[in-house]
Each structure stands twice: as structure tokens, then as C-alpha cells.
Amino acid sequence: MKAWQGRFISGSSDLLEKFNASIGFDYKLFSQDIKGSMAHSTMLAEIGILTAKECEAIQNGLAEIEFDLKKVIEEGKTDFDIKYEDIHMMIESLLIDKIGDIGKKLHTARSRNDQVAVDLRLYVVHKVTEIQNQTASLMKLLLELSEAYVDDILPGYTHLQRAQPIRLGFHLMTYYQMFKRDYERLTDTLKRTSVLPLGSGALAGVNYKTNRELLKNLLDFNEISEHAMDAVSDRDFVIEFNSVVAIMMMHLSRFSEELILWSSSEYAFVEISDAYTTGSSIMPQKKNPDVAELVRGKTGRVYGNLMSILTVMKGLPLAYNKDMQEDKEGLFDSVETIQMCLEVFTAMLSETRFNTVEMNKAAKQGFLNATDLADYLVMKGLPFRECHHITGSIVKICVQTGCAIEDLSLSQLKQFSALFDSDVYKHLELSSVVEAKKSYGSTSKESTLEMIHKAKTYMDQL
Ligand code: ARG
């Protein structure tokens, strides 16, 4: 007999049991569920629904169940009996088995609807902190690398065509900025996730004067939900978290894509260590960037999880509907995926060698100083559009003859404009081109070091 079967004449079909059960995945919420029940029972005692003794018996029972479940789950024995239906019913029935009738009082002033909402919110809050710590490690590594490679120059690209020379430290700091925003987006989600739904009952509130302030404090939430029906029917926080994780995966995927390109012999800008690359079963020479490729590939499933929960929620009438049980697997999958990706990506990056000689060589080919040649003429008083045109004609000649701009003699340059002087060659050097960038946030050494310094101060206060 199930806890809710009083009004039923006959039992459930085996098919229903199998189809309906969520214990196969929501066992992952066991510690949150117990935490919630601990707080709930303390509160029930405080408002006189449980005696101090009953509360103690319940809490001792719950503590033992938590200890046992932790052990069983760590041992990988997670094939819980589907007769339990879900984690909430399982823990309640284990409690009743353990302490008898007193256990039956725990569900007073509570519904599984506010129970599952509180569990899920506790889970997301907990995971946000873990993911933020992992993100911070990656950000720290990026700062170290940026500082170490501040003097090395590589081509910066637009349209995947060589555009202008930049510092490698500057390039890497781009990723730091992305992950910093991801870190902050995670913090932002807490504002709407750290809200206590417990005490809302099934949808309308409960017939007891529950002390929700106490629950909020016991469970470390920042706020209390203001509306019972909203509290049990809202899964925005899951959607928001999934979308933040999707954005973060997009960043990891772009970075991965770049490492994949850079480790090809066409670029040869990086070599990922043996520990984080794989070989081929047939081609003996191969060294493949599987980790980066898998991170890029796993981005797809995280996007899928976001689409899935958005779609589950879009047609639901108020309040709780069983469809919402489908919120969990995608959430757990996105959490596990981002955590694994952050861990392995950071480890791989820390063992990646940057081939700065090759980068420098590449930066010397492809007329990356052309914009600066145009700016040289601007400095001599010509309007930029005219300078652009003149420089374009010079590049055309260089392409035809297969030389670099700086290979042209002064008299050759003067054929394009009388304003060229011998000081032009200094302006065309890679280091001058990079240092000529004076705007705030540019790739000059001073500016790049300033970014790194600012970032370090930021990291110190996290
Ligand atoms: N296993 C359910 C879920 O994940 C728990 C809530 C069940 N509530 C209900 N009214 N049947 O959504």
C-alpha cells in the first residue's frame, strides 16, 4: 500500500510503477531532501506540532538514513526499488520503518510539491558554489598564462584571416573575461534561486502557522517565496541555471575549437601534452585533441538540456504537474557535464605548450602591419580613407611580387605617396605595431598588464 493509496480500490500496474518512478535519478537529491526534512521537523517542533522528543526521534532517524544512503550511493548501489516512487517517499518510508508511527508525522504541513522544490533549489545553490570554485581555478590559470606570455606576439584573426598582431597574453585574457562573466552570471542566479519554497504546501498554503523565517535561516536561503502557488510551480531557476551553464559551455567550446585548430600542423601554435591527447588505431603518427573535441561536442547536450526544460514548461497550466519531474535529468546532466569539462579542460590547458616561435613567424606573414602603414600616413596628415586606399595598392603589389610591406624600398614606397620617410620601417615592426595600440583595453604591454593586474585584484576578493 502506497502512502497515497487510501482512495484507490485496486493497485497500480507494474507499467505505471516503472513509468512514474523518479527514484532512478532523484536519489541524487537525498542529502538535500534530508536537510529539508531536518529543518521542517525543527520548525514543526517550534510551532508545537511535534514534541521535542518526537522531533529528536525523527532527526536521529533521518541522520541514520542519510549515513546509510551515502554509503550505499558511494558504493554505486543506486538501483533503488521503484516501489518507492521517488526520493521523498523513499526517505519517508525508510523513516517510518525505522522509528515507527512518529515518522508519519513528518509530512504535516508539507506537500511533495514544496518538498521537491526546496530540494532542487538547495541542489542548485550547492552546485553553483562548486562550479564557481572550478571556474575560479580556470580563471587563475588563465591569469598565470597571460602573464607568462605577455611578450609573445601572434596573429589576431577576424574571419579566420590574419588581421593584426596581438600579444598572446592579451589573447588569453579574452577567455578570462568570458569566464569572469560566467562566474558573475552564476552569482546572479543565486538571487533568484536562493528562495525558500517550503511552507507553501501543495499550492494554496497550509493550515498551520508555519515559521518560514526559521526554515529560511535553517536552510540558509536568502529569501522566502512570497506566493505559495508560484513557489511550487516555478522552475525558472532551473532554466536560468541551465542557460548560464549553456553559455559557459559555449565559451569552453570556442576555446576548445581554437586549441584544436592551433594544434593542427597548419597552425602548430600549441602542443597539448601526451596526457591529454590520444592516438589513432591505424595511423601511427596521429596525436588527436580528443579532450578539446569532446568538450566542444558535449556543448550540444547541454544546449539540449536547456531546450528540453524550456519545452517541458512552456505549456503547463498552474500549478504543479507531473511533467515537472522531467526537470531533473537534464539539470543533473548539465551539472555533471560542466563540472567534468571544467576539470579536464583546466588540467589540459595547464599542460599545453605554446609554440611562440611559430606564432611570431605567422604574425610576420599576411600584412598584419597594413593598418599601421595606413595610420602612419594619417599621422603625416592624410585622411584615413585615402591612406587605406594607398596601403591597399601597396599590399596588392606585395601580393603580386610575393614580398612583405617592409621589403619595399623607400623609393618604391614613395611612388605611392611622397609622405613616406625612412622612419616608416620602425613603424612597421611587429613590436611597434603592437605597442602603437594606445586605447584603453588594447593589446599594448602596458594595457595588457593593467588588465592582468585588475583581474588579480578581482580574484583576490572572490
Ligand atoms: N517525483 C516528483 C517530481 O520530481 C515529486 C513531486 C511529486 N508531486 C506530486 N504531486 N505527485 O516532481
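Biologist: In which helix is Glu240 found?
Modeller: Helices here are DSSP runs of H or I with at least four residues, strands are runs of E with at least two, and both are numbered from the N terminus. By that rule, Glu240 is found in residues 236-262, which form helix α10.

Biologist: What should I know about the numbering and the model?
Modeller: Residues are numbered from 1 along each chain as its sequence is written. The model is predicted: local features need pLDDT of at least 70, side-chain atom pairs count only at pLDDT 80 or more, and totals for chains, interfaces and linings use all residues.

Biologist: Is Glu240 buried, exposed or partly exposed?
Modeller: Count the other C-beta atoms within 10 Å of its own, with C-beta atoms placed from the backbone: 20 or more is buried, 12 or fewer is exposed, and in between is partly exposed. Glu240 has 18, so Glu240 is partly exposed.

Biologist: Which residues does Glu240 touch, leaving out those up to four places away in sequence?
Modeller: Contact means that two C-beta atoms, placed from the backbone, lie within 7 Å. Thr189 is 51 residues from Glu240 along the chain, yet their C-alpha atoms are separated by 6.8 Å. The residues touched are Thr189 and Arg192.

Biologist: How many residues of domain 2 are in contact with domain 3?
Modeller: Domain 3 covers 363-460. The C-alpha centres of domain 2 and domain 3 lie 39 Å apart. On the domain 3 side, 16 residues take part; on the domain 2 side, the number is 20.

Biologist: Which elements give two or more residues to the side of domain 2 that touches domain 3?
Modeller: That side divides into 13 nonpolar, three polar and four charged residues. The elements are α6, β1, β2 and α7 (168-193).

Biologist: Which residues does Val150 contact, leaving aside neighbours within four places in sequence?
Modeller: Val150 sits in the loop between α6 and β1. With 18 other C-beta atoms within 10 Å, Val150 is partly exposed. The contacts are Arg167, Gly169, Lys445, Thr448 and Leu449.

Biologist: How many bridges join β1 to β2?
Modeller: Two strands pair if DSSP finds at least two bridges between them. Strand β1 (residues 153-158) and strand β2 (residues 161-167) run antiparallel. Leu154 stands opposite Ile166 in β2. The number of bridges is six.

Biologist: Which residue in this hairpin takes a positive phi?
Modeller: Most residues other than glycine have a negative phi. The hairpin has two residues between the strands.

Biologist: Is Glu85 buried or exposed?
Modeller: Glu85 lies in the loop between α4 (52-74) and α5 (87-99). Its phi is also positive, near 70 degrees. With 21 other C-beta atoms within 10 Å, Glu85 is buried.

Biologist: Which form does the peptide bond from Leu318 to Ala319 take, cis or trans?
Modeller: Most peptide bonds are trans. Ala319 is found in the loop between α11 (290-313) and α12 (327-350). The bond from Leu318 to Ala319 has omega near 0 degrees, and its form is cis.

Key: Domains from an automatic or database assignment. Nonpolar A, V, L, I, M, F, W, Y, C, P; charged D, E, K, R; others polar.
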